[in-house]
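Reader: I'd like to learn how to read side-chain features in a model like this one. Can we go through it together?
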Amino acid sequence: MYTPTMLWKSALLGTTMTIAAAAQPHFLSLPFASQNIQVQQGWYYNDGRLHLPKGAIDYINGSLDRSATWQTFDVTAAADGVAIWDDDPASDPSHYGNMVIIRHNQTDSQGRHYFTLYAHIQSGTIPSTIPMLGRRNKNYAQWTPVRAGDFLGQAGSTGYNECRI
């Protein structure tokens with residue numbers, strides 16, 4: 001089982017990219033401050049399959065491969081941009097649970113904005129300043145500005161049931 005977490009470009013928003021392009025952005029920081037966070041799953045599975053969509057990364061606070069040990073942690077913006085959130089409605093499921101999506105100020109060489117998606121955010125921890133507009137909302141004027149390091153919520157168990165982002 002995989003759990004998509006932070007995406008460089010969001011397939012949910014109708015944008016695409018190649019894996020090679022993921023190495024290009026040098027403006028992103030890690031989406032947490034804690035020294036205890038580990039990569040549970042990233043880019044590829046052990047059997048060589050791509051961790052969908054497009055090489056997502058799962059971060060955890062606990063022991064690898066032992067979800068019973070995983071604990072919540074603060075999730076922060078990886079770079080400046082504008083943000084919204086969605087709660088993964090049953091009418092349009094993604095299995096991400098509560099998610100924050102950021103459209104970053106930086107663009108690639110073709111002028112396309114980078115996006116990050118932070119999945120499985122614990123219910124009730126997303127700041128009220130971030131509007132719940134639905135993950136398909138492309139009216140970026142309605143999104144709220146965030147800065148790198150801003151608190152986005154706490155890693156939780158929404159969507160799939162393990163505590164991770």
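Reader: Which residues form one aromatic cluster here?

Author: F115, Y140 and W143 do. Before the details, some ground rules: this is a predicted model, where local features need pLDDT of at least 70, side-chain atom pairs count only at pLDDT 80 or more, and totals for chains, interfaces and linings use all residues. Residues are numbered from 1 along each chain as its sequence is written, and side-chain values use heavy atoms, with hydrogens and water left out.

Reader: Fine. How do I read an aromatic pair?

Author: You describe two rings by the distance of the centres and the angle of the planes. Rings of Phe, Tyr and Trp (its six-membered ring) pair if their centres lie within 6.5 Å; planes under 30 degrees apart are stacked, over 60 edge-to-face, and the rest tilted. That rule gives two aromatic pairs here. F115 and Y140 are tilted, at 6.1 Å centre to centre with 50 degrees between the planes. F115 sits in strand β6 and Y140 in the loop between β6 and β7, so this pair ties together parts 25 residues apart in sequence. (Strands are DSSP runs of E, at least two residues, and helices runs of H or I, at least four, numbered from the N terminus.) Y140 also pairs with W143, edge-to-face, at 4.9 Å centre to centre and 70 degrees between the planes.

Reader: What lies over the face of Y140?

Author: R103 does, at 4.0 Å from the ring centre. The rule asks for NZ of Lys or CZ of Arg within 6 Å of the ring centre and within 35 degrees of the ring normal.

Reader: Now charges. How many salt bridges are there?

Author: A salt bridge needs a side-chain nitrogen of Lys or Arg within 4 Å of a carboxyl oxygen of Asp or Glu, and the count is three. Take D86 and R135, 3.8 Å from N to O. D86 is in strand β4 and R135 in the loop between β6 (113-118) and β7, 49 residues apart, so to speak of the pair is to speak of a link between distant parts of the chain. D86 is buried at 7% relative accessibility, and R135 is buried at 1%.

Reader: And where does R147 find its partner?

Author: R147 bridges to D80, with the closest N and O atoms 3.1 Å apart. R147 belongs to the loop between β7 (144-146) and β8 (151-154), and D80 to the loop between β3 (74-76) and β4, 67 residues apart. R147 is exposed at 54%, whereas D80 is partly exposed at 21%. The remaining bridge joins R112 and D108, at 2.8 Å between the closest N and O atoms.

Reader: Last one: what is in the largest nonpolar core?

Author: In soluble globular proteins, nonpolar side chains tend to be buried together. A core is a set of buried Ala, Val, Leu, Ile, Met, Phe, Trp, Tyr and Cys residues joined through side-chain atoms within 4.5 Å. The largest one has 19 residues, and those with the most contacts inside it are F73, V75, V100, I102, Y118 and L152. The elements giving two or more residues to this core are β2 (57-60), β4 (81-86) and β5 (99-107). Apart from it lies another core of nine residues, including V82, I84, Y96 and L117.

Conventions:
Buried < 20%, exposed > 50% of the residue type's maximum accessible area, 1.4 Å probe, protein only.
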